[in-house]
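Thanks, everyone, for making the time this morning. I would like to take you through one model, beginning with the whole chain and then moving to some local details.

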Amino acid sequence: MATTSALSTLPERIRANAERGREITFVNGEVHVTVPWSQMLVEAEAMAAALQARGIRPGDHVAVLGPTTRALVTSFEAIWLCGATLVVMPIPMRMGSIEEFLDSTRARMARADVTLLLLDPDIAAFYEPSDDDPPCCTFADLVGDASDFTPVRVDPDSLAILQFTSGSTSEPKGVMLPHRAVCANLDAIATAAHYTLEGDVLVSWLPLYHDMGLIGLLTLAMTNGARMIQAAPQDFLAKPLRWMEWLSQYGGTATAGPNFSYVLATRALRRSEQLDLSALRVALNGAEPIAPDQVRAFVAAGEPHGMRPGCIFPAFGMAETCIAGSFPVPMDGMLTDVVDTVALEADRLASPSEPGALGARELVRLGRPVPGLEMRIVDRDAGNPLGDREVGELQIAGTSVMAGYYNNPEATALAFDGPWLRTGDLAYLADGELVLCGRLKDVIIVGGRNLFPEDIERAAALVDGVRPGNVIAFGVEGKRGKEAIVVVAETKGDDTARMRDEIHARVLHAVGVPPHDIRLVAAGTLPKTSSGKLQRSRCRVQWERGSLELVDA
């Protein structure tokens, strides 16, 4: 592990890292450009000088909007060197209309009190500033000389990042992440993942407006010393095999992605020629529910290419803890907990069951809290701490918990129980390891049972013609005021009557309750956040309004 724990701000760590002789490779399609971190620092100081010439001072909030490029990464370093706060604006994975995208961007900038907006030149071509917008310029406009940069003192308790939540269940909120908290979380990642400067090569295509890509991989490499391969989401999505090819070409030891990305990689690996994935030791799976069978399929597809099963690294994290929350032991692989579904849903107890037994549910263990964090489970009604295998709300306290939500004291107050952050996740601890069950807001209560939409969605996704990872289940008021299940699924097939019948049967078999309504919609139309998470609450509103794009309307 790199010795940066005594440094409590990102600029200090960026400078220390530049002296280590490591480098970053930017991937743009088939073009790969490698740049030493020392050169990145010189370019960042030149951009920082230009920012200072435009009046940027410590404490200012600078928004950045653009795809993953060398200039974008340089701007991150430049903003931190100026002592300013980085606010990365998301580019949605599914673009609706330009007007909707710009309206969303403007709303975020207003909530974040942005002083200056930095734009990628390609985005600037269609961005028409309004009178209420902050001043803006492109990366190309920031021409400066590193010798003109005036170093500033950065307070460890000042904001390094204002990270907007994904907005899967509510309006996005600005998560305040001070330098001290970010640095603590980076150290926790390095320690818990057994990261080493000499041996690790990080490979990422994750969007840099999301905490997993921004902090968990890029900033870790930028500040703790690592060989980094940085691609863009569109490069992966256009050809998922590229992810595995980058790992093979560069001897990647660590990477990360949501569950759906491993499903895409599995399909690609089955059709690929021989690769060398033997160096991979951390394949972090997080940001969305982890499906054990899909993970096993990825392992099976990777083994012919030398991938070790132990590299699977199921983890938990959230913006409110900078990113990392709990990690497993590296190279332990995926460990699961098989519990009785009836006890889980009716009694809120994770009672162990035999694999394959009637009514058994398999959940993935997500490891233990990373260094500096503590976790507890509390009764969601009374707020009392619960014991081992008792299901309640997950709460977290420690060194890398957020300072609160920016300019939102009401939401901040609701988020904390004393020093404990209320996560909104239903979970339990099994021998000290975290196991997630679902989101509190998404639980469907039928006949006193807590049904988890993930179970329903996973069952429906098994139907031929339904797009895996593109199913949403939610509860609505049914007959006599009882809650009922609605399933909305994207389809790539035409036999809609058969698919409905099979979804009905599979959901009934999986949870013992038949769906009240099943809607099949066109591919690419389910509402998702900018980071690709399904938006159940928004889908429910669309269902209520009758505005879903049905394939057989």
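This is a predicted model: local features need pLDDT of at least 70, side-chain atom pairs count only at pLDDT 80 or more; totals for chains, interfaces and linings use all residues.

Along the principal axes, the C-alpha trace spans about 70 × 50 × 50 Å. Buried residues account for 58% of the 553 residues, and of the contacts with a separation of 6 or more, 71% are between residues 24 or more positions apart. As for charge, the mean positions of the 50 positive and 70 negative charges are 3 Å apart.

Let me turn to helix α10, residues 259–270, where the 12 residues should span 16 Å at 1.5 Å a residue, and the end C-alpha atoms are 17 Å apart, which agrees. Its buried residues include Y262, V263 and L269, and the buried residues of α10 pack against α8, α9, β11, β12 and α11.

Finally, the loops. D113, in the loop between α4 and β5, has a phi near 55 degrees, a positive value in a residue other than glycine. D431, which lies in the loop between β23 and β24, likewise has a positive phi near 55 degrees. Are these residues exposed or partly exposed? D113 counts as partly exposed because its relative accessibility is 41%, whereas D431, with a relative accessible area of 52%, is exposed.

Notes
Residues are numbered from 1 along each chain as its sequence is written. Side-chain values use heavy atoms; hydrogens and water are left out. Helices (H or I, at least four residues) and strands (E, at least two) are DSSP runs, numbered from the N terminus. The expected span of a helix is 1.5 Å times one less than its number of residues. Buried means under 20% relative accessible area, exposed over 50%, partly exposed in between (1.4 Å probe, protein chains only). Contact means heavy atoms within 4.5 Å. Lys and Arg count as positive and Asp and Glu as negative; His and the chain ends are not counted. The place of a charge is taken as NZ of Lys, CZ of Arg, CG of Asp or CD of Glu.
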